[in-house]
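Subject: Structure for your review

Dear colleague,

Please find below the structure that I am handing over to you, together with its sequence. My notes on it follow directly after.

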Amino acid sequence: MASAVSGSGDAAPWHAAYPSPSVSAAEIVRESVLDLLRDTTGNAVKDFVLIDVRRDDHKGGTIRGSINLPAQSLWPSIPTIYQIFKAAGVRKVIWYCGSSGGRGTRTGGWFADHIADQKDKTMESLILVGGIKGWVKTGGEYLQWMDEFDEGAWDPASS
């Protein structure tokens, strides 16, 4: 990926090489995501996918069943990702990063743009409110729905 440089010589943010989303993806709260996860036990059909867009900070665990698609390399893959999800019958694509305030929001918006361009009325691009940090902070059953959970990685004293 080419790195963009601003006029002052400072490196531009990674996303400066790509257009800003024109559509804001809707939000989904963690309680609703937990309900989706619970509903997929047994023989239930899974019609959603969780996407963790963290890259270097992909540590401490991830929500069970999530796939890791770093935001920094996502843009050129969006049409292919859409085709794969469409063929698989995915209806909800749920994006998150650390807090879902930057990368998660941007990637969810890009995907919402692509869904709109396809005139697809059955697939949604959703942002997990609070991201993985909100999920972990809630504790309890939420931690049981994580893969590779490492409590030490979430300890503020170790940061």
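Val53 is buried, because its relative accessible area is 0%. The model from which this value comes is a predicted one. Val53 sits in the loop that joins β2 (48–52) to β3. Once its neighbours within four places in sequence are set aside, Val53 is in contact with Leu69, Pro70, Ala71, Gln72, Trp95, Tyr96, Cys97, Arg103, Gly104 and Thr107.

Ala153 counts as partly exposed, because its relative accessibility is 25%. If residues up to four places away in sequence are not counted, Ala153 touches Lys59 and Gly60. The C-alpha atoms of Ala153 and Gly61 are separated by 8.5 Å, although the two residues are 92 residues apart along the chain.

I turn next to the packing of helices. Two packed helices are described by the angle between their axes and by the distance between those axes. For helix α2 (residues 78–87) and helix α3 (residues 103–117), the angle is about 65 degrees and the axes are 10 Å apart. The range for roughly perpendicular runs from 65 to 115 degrees, which means that α2 is roughly perpendicular to α3. The crossing in which α2 passes α3 is right-handed. On the α2 side, the contact is made by Ile78, Pro79, Ile81, Tyr82 and Phe85, which meet Trp110, Phe111, His114 and Ile115 in α3. Sorted by class, the residues of this contact of α2 with α3 comprise 8 nonpolar, 1 polar and no charged.

The other helix pair to report is α1 and α4, which pack at an angle of about 80 degrees, their axes being 11 Å apart. α1 and α4 are therefore roughly perpendicular to each other. Here Arg30, Val33, Leu34 and Leu37 in α1 meet Gly134, Trp135 and Thr138 in α4. The contact of α1 with α4 has 4 nonpolar, 2 polar and 1 charged residues.

After α4 comes Gly139, with a positive phi near 70 degrees.

The last topic is charge pairing. Side chains of opposite charge can pair when their charged atoms come close. With a cut-off of 4 Å between a side-chain nitrogen of Lys or Arg and a carboxyl oxygen of Asp or Glu, the count comes to 6 salt bridges. Three of these pairs are set out below.

- Asp35 and Arg38: their side chains meet in a salt bridge at 2.9 Å, N to O. Both residues lie in helix α1, 3 residues apart, which is about one turn of the helix. Asp35 counts as partly exposed because its relative accessibility is 38%, and Arg38 is partly exposed because its relative accessible area is 33%. Asp35, Arg38 and Glu141 are linked in a network of salt bridges.

- Arg64 and Asp147: in this salt bridge the closest N and O atoms are 3.7 Å apart. The pair links distant parts of the chain, with Arg64 in the loop between β3 and β4 (67–68) and Asp147 in strand β7, 83 residues apart. Arg64 counts as partly exposed, since its relative accessibility is 32%, and Asp147 is likewise partly exposed, with a relative accessible area of 29%.

- Asp120 and Lys86: the side chains meet in a salt bridge at 2.9 Å, N to O. This pair too links distant parts of the chain, Asp120 being in the loop between α3 and β6 and Lys86 in helix α2, 34 residues apart. Is Asp120 buried or exposed? At 9% relative accessibility, Asp120 counts as buried, because the limit for burial is under 20%. Lys86, at 37% relative accessibility, counts as partly exposed.

Yours sincerely

Note on methods:
Residues numbered from 1 in each chain as written. Heavy atoms only, no water. Axes fitted to C-alpha atoms, helices over the stretch in contact; angles between N-to-C directions. Helix = DSSP H or I, 4+ residues; strand = E, 2+ residues; numbered from the N terminus. Parallel < 35°, antiparallel > 145°, perpendicular 65-115°, else oblique. Left-handed = near helix turned anticlockwise from the far one by under 90°. Contact = heavy atoms within 4.5 Å. Nonpolar A, V, L, I, M, F, W, Y, C, P; charged D, E, K, R; others polar. Buried < 20%, exposed > 50% of the residue type's maximum accessible area, 1.4 Å probe, protein only.
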